[in-house]
Amino acid sequence: MELPDFMSHASYFSTPDFLEKIASIAKRAGSKFVYASLILYYTLQSDRVSKREKVLIIGALGYLISPFDVMPDAYPIVGLADDMAVLTFVLRKVWVNVDPEIQQRAHERLSNWFDEDEQKEADDLFDDETAQ
């Protein structure tokens, strides 16, 4: 799958819009998707991340929020595939700066939408083919 031009969607990113979007799609998107999104969101707030990486994260999260993407989110299953591809691409780029505290914080937030078993599924972000 070729990545869409997600950087053109950076202007759509805002904290309230991000949190609203995640809350509205959490169950449909699944714990891995939400976990990846939250890790990027919390990594964006880290001092360890360069400006270049922050721009990538803002582009990815803006793409997630944007109503204009390659596969509209309203389409079941495939509607979020392009979003997951973008999130995973950027997450792999910044993973070296994702410390355990960020991962824990994201995991704790998962409990808002997922039970314990569903939360555990999120731990293997890069083991699933949908996350590649």
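Visitor: Which handedness does the crossing of α1 and α3 have?

Guide: The crossing of α1 and α3 is left-handed. A crossing is left-handed if the near helix is turned anticlockwise from the far one by less than a right angle, and right-handed if clockwise. Helices here are DSSP runs (H or I, at least four residues), numbered from the N terminus. The model is predicted: local features need pLDDT of at least 70, side-chain atom pairs count only at pLDDT 80 or more, and totals for chains, interfaces and linings use all residues. Residues are numbered from 1 along each chain as its sequence is written, and side-chain values use heavy atoms, with hydrogens and water left out.

Visitor: At what angle do the axes of α1 and α3 cross?

Guide: Two packed helices are described by the angle between their axes and the distance between the axes. Axes are lines fitted to C-alpha atoms, for helices over the stretch in contact, and angles run from 0 to 180 degrees between N-to-C directions. The axes of α1 (residues 15-29) and α3 cross at roughly 55° and come within 9 Å. That makes α1 oblique to α3. Angles under 35 degrees count as roughly parallel, over 145 as roughly antiparallel, 65 to 115 as roughly perpendicular and the rest as oblique.

Visitor: Which residues make the contact of α1 with α3?

Guide: Contact means heavy atoms within 4.5 Å. From α1 come Asp 17, Phe 18, Lys 21, Ile 22 and Ile 25; from α3, Leu 61, Leu 64 and Ile 65. Six are nonpolar, none polar and two charged. Ala, Val, Leu, Ile, Met, Phe, Trp, Tyr, Cys and Pro count as nonpolar, Asp, Glu, Lys and Arg as charged, and the others, Gly among them, as polar.

Visitor: How do the axes of α2 and α3 cross?

Guide: They come within 10 Å and cross at roughly 140°. That makes α2 oblique to α3. The crossing of α2 and α3 is left-handed. Residues of α2 in the contact include Phe 33 and Leu 40; those of α3 include Ile 57 and Leu 61. The contact of α2 with α3 has nine nonpolar, two polar and one charged residues.

Visitor: How many residues of α4 are buried?

Guide: Buried means under 20% relative accessible area, exposed over 50%, partly exposed in between (1.4 Å probe, protein chains only). In α4, 10 of the 14 residues are buried, so α4 is largely enclosed by the rest of the structure. Among them are Met 84, Leu 87 and Leu 91. The buried residues of α4 pack against α2 (31-44) and α3 (51-65).

Visitor: Is Ser 66 buried or exposed?

Guide: Ser 66 counts as buried, at 2% relative accessibility. Its place is in the loop between α3 and α4.

Definitions and conventions: Helix = DSSP H or I, 4+ residues; strand = E, 2+ residues; numbered from the N terminus.
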